[in-house]
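User: I am new to this structure and would like a close look at one part of it. Please take the nonpolar core and walk me through what surrounds it.

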Amino acid sequence: MARPAQKAEGGLRVSVRVTPKAGRDMVADASRDEAGQYRLMVKVAAPPADGAANAAVVAVVAKAFGVAKSYVRILRGDTAREKLLLIEGDAETLSARFAELERNSS
């Protein structure tokens, strides 16, 4: 995936890299990780156990995009730091919000 967000049927697919056990929950930035992959960096305070970090990722991404948690699904990477999410909703609106998040993280 060249960009961390791509329009998809029903919403926006977002590639993320998660840092569990961080100081606080936040969308940190959109940048290339150490492997050269461009991802949205998400930090969560929850540990990566019993689905706590995944639930925190869904909550922080939903809040950042202004959607209900039920509109955010993990498509790939349930047990990995790299995840592919689907944020359901209007792709144009979600893309605009993503661009705003990118600008604010720079």
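**The nonpolar core and its surroundings**

The largest nonpolar core has 29 residues, and Leu40, Val61 and Phe65 are those with the most contacts inside it. The elements that give it two or more residues are β2 (11–19), β3, β4, α1, β5 (72–76), β6 (82–88) and α2. Helix α1 provides the largest share, nine residues. All of this is read from a predicted model.

Leaving aside neighbours within four places in sequence, Phe65 is in contact with Leu12, Val14, Leu40, Ile87, Leu94, Arg97, Phe98 and Leu101. Two values describe a pair of aromatic rings: the distance of the centres and the angle of the planes. Because Phe65 lies in helix α1 (residues 52–65) and Phe98 in helix α2 (residues 91–105), the pair ties together parts that are 33 residues apart in sequence. Both Phe65 and Phe98 are buried.

Next comes strand β2, one of the elements that give residues to the core. Seven of the nine residues of β2 are buried, so "mostly covered" describes the strand, with buried meaning under 20% relative accessible area. β2 pairs with several strands. With strand β1 (residues 5–8) the pairing is antiparallel, over four bridges, and Gln6 has Arg13 in β2 as its bridge partner. The hairpin of β1 and β2 has two residues between the strands, and Gly10 there takes a positive phi near 90°. β2 and β6 also run antiparallel, joined by seven bridges. In that pairing, Val14 stands opposite Leu85 in β6. With β4, β2 pairs in the parallel sense over four bridges, and the bridge partner of Thr19 in β4 is Lys43.

Glu34 is found in the loop between β3 (26–32) and β4 (38–43). Its relative accessibility is 65%, and therefore Glu34 counts as exposed. From Glu34 to Val60 the separation is 26 residues in sequence and 23 Å in space, C-alpha to C-alpha.

How values were computed: Residues numbered from 1 in each chain as written. Predicted model: local features only at pLDDT ≥ 70, side-chain atom pairs only at ≥ 80, totals over all residues. Heavy atoms only, no water. Buried < 20%, exposed > 50% of the residue type's maximum accessible area, 1.4 Å probe, protein only. Core = buried A, V, L, I, M, F, W, Y, C linked by side-chain atoms within 4.5 Å. Contact = heavy atoms within 4.5 Å. Pairing = 2+ DSSP bridges.
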